[in-house]
Amino acid sequence: DLKALLITSSESQEGKTTVSSNVATSFAISGKKVILVDTDMRKPRIHKLFKINNNFGISTVMLGEKKLEEVINKNVYSSLDVLTCGPIPPNPAEMIESVKFKEMVDELKLKYAN
């Protein structure tokens, strides 16, 4: 059973935001409990696409300023939740490669397991 799906590419402007949001929305429409996580810590766009706030998100969780539950945007579309990246940190690569980030991903996998 699929627990996580990573969509990436080597270049900007290749459609990662469009593809990931469409895949997440499709899963949500089919009745799956889904969270779309914007890990583009340099040029985040998911919040713009869904017209939601990006004042809090992954970066504020990683810095210990907010708890994960506080920054998840619930039911943005159907049963789709969205976790934005939050304010762009000075060290995005270090943040994504941290143990704390892995723990957050593991927690999300458990929470969103169907």
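1. Basis. Because the model is predicted, local features need pLDDT of at least 70 and side-chain atom pairs count only at pLDDT 80 or more, whereas totals for chains, interfaces and linings use all residues. Residues are numbered from 1 along each chain as its sequence is written, and side-chain values use heavy atoms, with hydrogens and water left out.

2. Largest pocket. The largest pocket holds about 1600 Å³ of space, where a pocket is an open set of points on a 1 Å grid over the protein atoms alone, with protein on both sides within 12 Å along at least five of seven lines, and lining residues have an atom within 4 Å of a point. The volume is the space filled by probe spheres set on the points, which are joined across faces, edges and corners. Its lining comprises 47 residues, of which Leu 5, Leu 6, Ile 7, Val 37 and Thr 39 lie nearest the centre. Helix 1 gives the largest share of that lining, seven residues; helices (H or I, at least four residues) and strands (E, at least two) are DSSP runs, numbered from the N terminus.

3. Nonpolar cores. A nonpolar core is a set of buried Ala, Val, Leu, Ile, Met, Phe, Trp, Tyr and Cys residues joined through side-chain atoms within 4.5 Å; buried means under 20% relative accessible area, exposed over 50%, and partly exposed in between (1.4 Å probe, protein chains only). The largest such core has 15 residues, and Met 104 is one of those that touch the most other members. Helix 3, helix 4 and helix 6 each supply at least two residues of this core. Apart from it lies another core of nine residues, including Ala 28 and Phe 50.

4. Thr 60. This residue lies in helix 3 (residues 58–62) and is buried, at a relative accessible area of 2%. Leaving aside residues up to four places away in sequence, Thr 60 touches Asn 55, Glu 65, Lys 66, Val 71 and Pro 87, contact meaning heavy atoms within 4.5 Å.

5. Salt bridges. With a side-chain nitrogen of Lys or Arg required within 4 Å of a carboxyl oxygen of Asp or Glu, the count comes to two salt bridges. In one, the closest N and O atoms of Lys 74 and Asp 81 are 3.9 Å apart; Lys 74 is partly exposed at 47% relative accessibility, whereas Asp 81 is buried at 7%. Lys 102 and Asp 106 meet at 2.8 Å, N to O, and both lie in helix 6, four residues apart.

Conventions. 1 Å grid on protein atoms, 1.4 Å probe; cavity = no way out; pocket = protein on both sides within 12 Å on 5 of 7 lines; lining within 4 Å.
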